[in-house]
Amino acid sequence: MIYLWAFLVGGFICLIGQFLMDVVKLPPANVVSSLVVAGAVVSGFNLYEPLVRFAGAGATVPITSFGNALVQGAIAEGKVHGLLGVITGIFELTSAGVSAAIVFAFLAAVIFRPKG
């Protein structure tokens, strides 16, 4: 049953993104930013973790989980180190993912030839 919920929740998040691009006519960069902010807002109200427990990968794979990670890192470090912890906590929790994206994008650019 967890696979069904993961599919439905992840699909619904993608549906929202597709709606923003097709109907609202937002550019892809704005859609990605909007979904990250939406994930951060939902996480700020402590609603994202119950969604992760309910839907598993359906909530952790989409871009909204990046917003969740940003907020959770800021909250965790803010409790320990105050305002400076809020700033450093954002980078501490998400730095591995951002670094991996940069490395793999570079490798893809080196290995593959663009068409155009």
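A residue counts as partly exposed when its relative accessible area lies between the 20% limit for buried and the 50% limit for exposed. The model shown in these views is predicted.

**View 1. F54, a partly exposed residue of helix α3.** F54 has 40% relative accessibility, so this residue counts as partly exposed. Helix α3 covers residues 48–55.

**View 2. The aromatic pair of W5 and F54.** A search of the whole structure finds one aromatic pair. The ring centres of W5 and F54 are 4.8 Å apart. Their planes meet at 45°, so the pair is tilted. W5 sits in helix α1 (residues 2–22), while F54 belongs to helix α3. The two residues are 49 residues apart, and their pair links distant parts of the chain. W5 is partly exposed too, with a relative accessible area of 31%.

**View 3. Helix α6 from end to end.** Helix α6 runs through residues 83–111, which makes 29 residues. At 1.5 Å a residue, the helix should span 42 Å. Its end C-alpha atoms are 42 Å apart, in agreement with that span. Helix α6 also has a kink of about 55°, centred on T94.

**View 4. The buried residues of helix α6.** These residues are G85, G89 and T94. Helix α5 (64–81) is included in what covers them.

**View 5. T94 and its contacts.** Leaving aside neighbours within four places in sequence, T94 is in contact with F66, A69 and L70.

Terms used
Residues are numbered from 1 along each chain as its sequence is written. This is a predicted model: local features need pLDDT of at least 70, side-chain atom pairs count only at pLDDT 80 or more; totals for chains, interfaces and linings use all residues. Side-chain values use heavy atoms; hydrogens and water are left out. Rings of Phe, Tyr and Trp (its six-membered ring) pair if their centres lie within 6.5 Å; planes under 30 degrees apart count as stacked, over 60 as edge-to-face and the rest as tilted. Helices (H or I, at least four residues) and strands (E, at least two) are DSSP runs, numbered from the N terminus. Buried means under 20% relative accessible area, exposed over 50%, partly exposed in between (1.4 Å probe, protein chains only). The expected span of a helix is 1.5 Å times one less than its number of residues. The bend at a residue is the angle between axes fitted to the seven residues ending there and the seven starting there. Contact means heavy atoms within 4.5 Å.
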